Amino acid sequence: MLDLERLIIGFDKGLRTLFAPAQSLRRTPGDELPDAEMPPSRRALAAALMRVNHSGEICAQALYQGQALTARDSAAKQALEQAAQEETEHLAWTERRIEELGGRKSVLNPLWYAGSFALGAVSGLLGDKWNLGFLAETERQVVEHLEGHLRRLPEEDQKSRAILEQMKDDEARHATSALQHGAAELPSPAKLAMRLSSEVMTKTAFWI
């Protein structure tokens, strides 16, 4: 059973994720690159893509916080907490880049957070192998998503490209780590449901 202290800590993490500026221990990828001149339409496209990625990181934080809250095995919990720490850095990078591009964050981030936290907590209750399986599949789908954004990103926006490339490398490593810790392969219907819910978020966050 979850104790009150862990619930309070989880609630505090949620508030920080949504409303406090994210911090990064690592230097922002592409920080040394110049900010290229782009026509307004292409700058707006880059900002919208980074807004989607920022919302994705909000979801990732919520998922891993929910999963860690209900995980039973200490090794599984450690893998989830390590992934969450790097997702916090991704959150900081995308937030900063949105500001540089003159964009805005999604107003629906609290909704994305709540739904993802609930999914993470439920997956943790199913057992650690399924918990880690959910992590591995999430990261595989995120890698595919980032590859799509790298193709859509304006070619001259090398600063955003550097951020997305590093995020892609980190997500792939998280998936590998989950498999090494004993992740189970999710059934096809679960993978499809995850993909469909991700599409709803990405298409909505692009505009709102």
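**Overview. The protein has 7 helices and 0 strands.** Helices (H or I, at least four residues) and strands (E, at least two) are DSSP runs, numbered from the N terminus. The model is predicted: local features need pLDDT of at least 70, side-chain atom pairs count only at pLDDT 80 or more, and totals for chains, interfaces and linings use all residues. Residues are numbered from 1 along each chain as its sequence is written, and side-chain values use heavy atoms, with hydrogens and water left out. Of the 208 residues in the protein, 48% are buried (buried: under 20% relative accessible area; exposed: over 50%; partly exposed: in between; 1.4 Å probe, protein chains only). Among contacts between residues at least 6 apart in sequence, 87% join residues at least 24 apart (contact: heavy atoms within 4.5 Å). The protein exposes about 10,400 Å², of which carbon and sulfur atoms supply 60% (Shrake-Rupley method, 1.4 Å probe; for residues, only the protein chains shown count as cover).

**View 1. Helix α7 comprises residues 188–207.** The end C-alpha atoms of α7 are 30 Å apart, which agrees with the 28 Å that its 20 residues should span at 1.5 Å a residue (expected span: 1.5 Å times one less than the number of residues).

**View 2. The buried residues of α7 are M194, M201, T202, A205 and F206.** Seen down the helix axis, these buried residues fall within an arc of 125°, so they line one face of α7 (arc: that of the directions from the helix axis to the C-beta atoms). An α-helix has 3.6 residues a turn, so residues three or four places apart point the same way. The buried residues of α7 pack against α2 (40–70), α4 (109–125) and α5 (128–152). Exposed residues S188, P189, K203 and W207 lie on the face of α7 turned away from its buried side.

**View 3. D157 lies in the loop between α5 and α6 (158–180).** Its relative accessibility is 1%, so D157 counts as buried. The side chains of D157 and S160 are joined by a polar contact of 2.6 Å (polar contact: a pair of N or O atoms within 3.5 Å; within protein, one must be able to donate a hydrogen and the other to accept it, and residues adjacent in sequence count only if both atoms are side-chain atoms). Leaving aside residues up to four places away in sequence, D157 touches M38, A46, R97 and L101.

**View 4. H149 belongs to helix α5.** H149 has a relative accessible area of 7% and is buried. Not counting residues up to four places away in sequence, H149 touches L49, V52, N53 and L164.
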